[in-house]
Amino acid sequence: KYNAAVVLLPVLVAWVVDQRHPSWSGRRAGTVPLVLVAFIATFVAVTPYSVLDLPGFLNGVGAQLSRFAPGARTLAEPAGVLYLKHLNAASAAWLPLAAVGVVIALARRRSWICWMPLASFLAAYAYVLATHPLVFARYALPAVPVLCLFAAVPIVQLGDTAARLTARRGADSLVTLAVALIVIVPFALVSVATARQMQRPDTRTVATERMRALLPRGAVVAGESYGPTNLHRAGFKVVPTERLFGHDLQWYTRAGVGYLVVSSGDLRPYGDLLRAAPVLQVSPVNGQWGPPIAVFAVEQP
């Protein structure tokens, strides 16, 4: 999704902060051009098709921009609220701690400059997430390390306060460790539960097995990128697509597709593609992993 470009902001903020320091002022005038050149060179090195196939690359970027453009999708709630719910799902304590940490870090006269690069990244990335309508919890991952650092600020502050009030050696470490464990344990429990959940067959695996039992062997099917990905191993001929509603019904009939494998609980975007009842459905029940999946027969002309 090319959201790594946001990383440039804290680098530039760090450079501005560095220029304000008396001992460094004026000594790093070439830093910004060097950073930009290194950024572009790294991008080209790990994404060579951006140069080797420039028209295809630009078309791909345009397609991504259209998917993420404001108004491209209707959400039940604002994107920012959904991301807050995702981040707060495992524990209700750490996000308030991070908010308090931002206030403490930026309110201190001696430390606020050091925290500005991280705070600028967090603000910019939160804005990017909140203003784009395609929401997945994993998109928030780049913000998690920064939030963890800010959440640690009030925890360390509590330890320092305990040491001053009790005047006991080791009180700061003990309080810091105790509060940190209170915050960390819920995440550990959720991680263990999630790992156990993922050991069980998910909806994609179940759907593949049911399709093998119900559909003709060698049938031509079209699926989506986050649906069942092993259909060819189950004996089907697969016409790959990212999102099924990216093509009309005539496109699928010309390709000889007999069945559409939808991996979404919201069927509204698919429009006229789905004219009849599904031949089979698999829903995540009892905490089962994976998206809802429905298989529809393509009506041939």
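The model is predicted, so local features need pLDDT of at least 70, side-chain atom pairs count only at pLDDT 80 or more, and totals for chains, interfaces and linings use all residues. Residues are numbered from 1 along each chain as its sequence is written, and side-chain values use heavy atoms, leaving out hydrogens and water.

Start with helix 9. Helices are DSSP runs of H or I, at least four residues, and strands are runs of E, at least two, numbered from the N terminus. Helix 9 covers residues 171-199, which is 29 residues. From first C-alpha to last, helix 9 reaches 42 Å, close to the expected 42 Å. That expected span is 1.5 Å times one less than the number of residues. Which residues of helix 9 are buried? They are Ala171, Val179, Ala180 and Val183. Buried means under 20% relative accessible area, exposed over 50%, partly exposed in between, with a 1.4 Å probe and protein chains only.

Next, strand 5, residues 293-297. Four of its five residues are buried. Strand 3 (residues 259-262) pairs with strand 5, antiparallel, over four bridges. Strands pair if DSSP finds at least two bridges between them. Val261 has Val295 as its bridge partner in strand 5. Strand 4 (residues 280-282) also pairs antiparallel with strand 5, over three bridges. There, Val282 stands opposite Ile293.

Last, the cysteines. Cys114 is exposed, at 62% relative accessible area. Cys148 is partly exposed, at 41%.
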